Amino acid sequence: MEKNVRLKIILPDRVYREQDARRVIIPGLEGDMTILPERAPAVVTLANGYVRVLDEQDNVTDKYFIIGGLANIADDVCTVSSGAVIPEEHIGQYGVFNYVNWRSQHKRKNEVIKRYHRRMRRVDEKIKHPQ
């Protein structure tokens, strides 16, 4: 019987996906890394890229685009911890780079609005309580 690798993709708030695979390819900072059964334990820093799940014929069965993270590999389990995962069906619809840019701009926009409100509170305090 052939052994499999157990893939777990974990987001900050939940377990996104858990499945068995013959092989898993993860996007390491220094290049893609193939995870096989009975591999030596390791912790890998991940770049933005695809986590690909392969079957017995080395065909890609599932693809997930992750936004960085860490992979912990031990005891035939590959645990991928990431800040965000974009399923393949959404990538074709929105485009990865558009999604990543939108998220980063949205985050920056919220930070700018918070800073503006903080400054306005300080101005209001100075007006109410002049020194």
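Me: Leu36 lies in a loop, but between which strands?
Reply: In this predicted model, the strand β4 covers residues 31-35 and β5 covers residues 42-46. Leu36 is found in the loop that joins them, so that the strands asked for, taken by DSSP runs, are β4 and β5.

Me: Is Leu36 buried, partly exposed or exposed?
Reply: The relative accessible area of Leu36 is 40%. Because buried means under 20% and exposed means over 50%, with partly exposed in between, Leu36 counts as partly exposed.

Me: Which residues does Leu36 contact, leaving aside its neighbours within four places in sequence?
Reply: A contact here requires heavy atoms within 4.5 Å. With the neighbours within four places in sequence left aside, the residues in contact with Leu36 are Val5 and Arg23.

Me: What distance separates the C-alpha atoms of Leu36 and Lys3?
Reply: Leu36 and Lys3 are 33 residues apart along the chain. In the model, the separation of their C-alpha atoms is 8.9 Å.

Me: Where is Asp58 found, and what is its phi?
Reply: Asp58 is found in the loop between β6, residues 49-54, and β7, residues 60-66. With a relative accessibility of 38%, Asp58 counts as partly exposed. Although Asp58 is not a glycine, its phi is positive, at about 60°.

Me: Which helix holds Arg115, a member of the positive surface patch?
Reply: The positive surface patch is formed by Lys114, Arg115, Arg118, Arg119, Arg121, Arg122 and Lys126. Arg115 has a relative accessible area of 38% and is partly exposed, and this value passes the cut-off of over 30% that patch residues need. The place of Arg115 is in the helix that covers residues 96-128, namely α2.

Me: What is the area of the nonpolar surface patch that includes Met120?
Reply: Met120 has its place in helix α2, and at 33% relative accessibility Met120 counts as partly exposed. Together with Val123 and Ile127, Met120 makes a nonpolar surface patch of about 260 Å².

How values were computed
Residues are numbered from 1 along each chain as its sequence is written. This is a predicted model: local features need pLDDT of at least 70, side-chain atom pairs count only at pLDDT 80 or more; totals for chains, interfaces and linings use all residues. Side-chain values use heavy atoms; hydrogens and water are left out. Helices (H or I, at least four residues) and strands (E, at least two) are DSSP runs, numbered from the N terminus. Buried means under 20% relative accessible area, exposed over 50%, partly exposed in between (1.4 Å probe, protein chains only). Patches are made of residues with over 30% relative accessible area and no salt bridge: like charges are joined within 9 Å, nonpolar side chains (Val, Leu, Ile, Met, Phe, Trp, Tyr) within 5 Å. Accessible areas come from the Shrake-Rupley method with a 1.4 Å probe; for residues, only the protein chains shown count as cover. A salt bridge is a side-chain nitrogen of Lys or Arg within 4 Å of a carboxyl oxygen of Asp or Glu. Lys and Arg count as positive and Asp and Glu as negative; His and the chain ends are not counted. The place of a charge is taken as NZ of Lys, CZ of Arg, CG of Asp or CD of Glu.
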